[in-house]
Amino acid sequence: MMPMTFEVSNNVTLLFDFWEVHSAAGMAVSVIVVLLLTVFYEILKVWRVWLSTNSMMHRSQTPPPYTRSSSIQTDTNSVLESDAPLAPKEQRSFFPKTRNSWLLHVVQTLLHLLQVVLGYMLMLCVMSYNTWIFLGVVLGSVLGYFLAFPLISHTQ
């Protein structure tokens, strides 16, 4: 029966039957592996945001074409060209029709898949209710955010 409260122990099975830990050295290696997986998870989250932000910035560098309306009828039926509002020539598509945008979308989808799978695996590691594994996930999250934070600040 699996424990339902946190315990400090060197005996734990993580994720798969072959990942059984029965010694202090095995627990130390397992904590390091879980810590590194969590660091990778945090960096992956920031990388996805960075890719998304950079792709939006790249798309917005070319402003949509605007022109002045050639004529506007007023109450007195006169044409006022200087007061004509700016009007877009064409509607921009929500989904750009370039090959690179689809490739970027596929890459972001695969990164999202990897992030979800890794996130659930880390959640299951925490649900082993082993205090050492839990601390490895928490410290890995802190370390991963600390390492990835410079990437966040460069996107803005």
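This report describes the fold, the nonpolar core, the salt bridge and some individual residues of a predicted model.

**Overall architecture**

The chain contains three helices and four strands, and along the sequence these elements follow the pattern β-β-α-β-β-α-α. Of its 156 residues, 24% are buried. Among contacts between residues at least 6 apart in sequence, 65% join residues at least 24 apart. The accessible surface of the chain amounts to about 11,400 Å², and carbon and sulfur atoms account for 67% of that area.

Helix α2 covers residues 99–126, and because its 28 residues should span 40 Å at 1.5 Å a residue, the separation of 41 Å between its end C-alpha atoms agrees with expectation. The buried residues of α2 are Ser101, Leu104, Gln108, Leu111, Gln115, Leu118, Leu122 and Cys125. In general, residues three or four places apart in an α-helix point the same way, because the helix has 3.6 residues a turn.

Leu122 also belongs to the largest nonpolar core, a set of 13 residues in which Leu14, Met27, Val34, Leu122 and Ile133 touch the most other members. The elements that contribute two or more residues to this core are α1, α2 and α3 (131–155), and α1 gives the most, with four residues. Val34 illustrates how these parts meet: leaving aside neighbours within four places in sequence, Val34 is in contact with Leu14, Trp19, Leu122, Cys125, Ile133, Gly136 and Val137.

**Glu42 and the salt bridge**

The structure holds one salt bridge, in which the side chains of Lys45 and Glu42 meet at 3.4 Å, N to O. Both residues lie in helix α1, three residues apart, which is about one turn of the helix. As a general point, side chains of opposite charge can pair when their charged atoms come close. Apart from residues up to four places away in sequence, Glu42 touches Gly140, Ser141, Gly144, Tyr145 and Ala148.

**A nonpolar surface patch**

On the surface, Phe6, Val8, Trp132, Phe134, Leu135, Val138, Leu139 and Val142 form a nonpolar patch, with about 720 Å² of accessible area together. One of these residues, Trp132, lies in helix α3 and counts as partly exposed, with a relative accessibility of 39%.

Leu15 has a positive phi of about 65 degrees although it is not a glycine, and its place is in the loop between β1 (12–13) and β2 (20–21). Tyr129, likewise a residue other than glycine, has a positive phi near 60 degrees, and is found in the loop between α2 and α3. Leu15 is partly exposed at 29% relative accessibility, while Tyr129, at 19%, counts as buried because the class takes in values under 20%.

The relative accessibilities of the residues discussed individually are collected here.

| Residue | Relative accessibility | Class |
|---|---|---|
| Tyr129 | 19% | buried |
| Leu15 | 29% | partly exposed |
| Trp132 | 39% | partly exposed |

Note on methods
Residues numbered from 1 in each chain as written. Predicted model: local features only at pLDDT ≥ 70, side-chain atom pairs only at ≥ 80, totals over all residues. Heavy atoms only, no water. Contact = heavy atoms within 4.5 Å. Expected span 1.5 Å × (residues − 1). Buried < 20%, exposed > 50% of the residue type's maximum accessible area, 1.4 Å probe, protein only. Core = buried A, V, L, I, M, F, W, Y, C linked by side-chain atoms within 4.5 Å. Patch = residues over 30% accessible without salt bridge, like charges linked within 9 Å, V, L, I, M, F, W, Y side chains within 5 Å. Areas by Shrake-Rupley, 256 points an atom, 1.4 Å probe, with all protein chains shown as cover. Salt bridge = Lys/Arg side-chain N within 4 Å of Asp/Glu carboxyl O.
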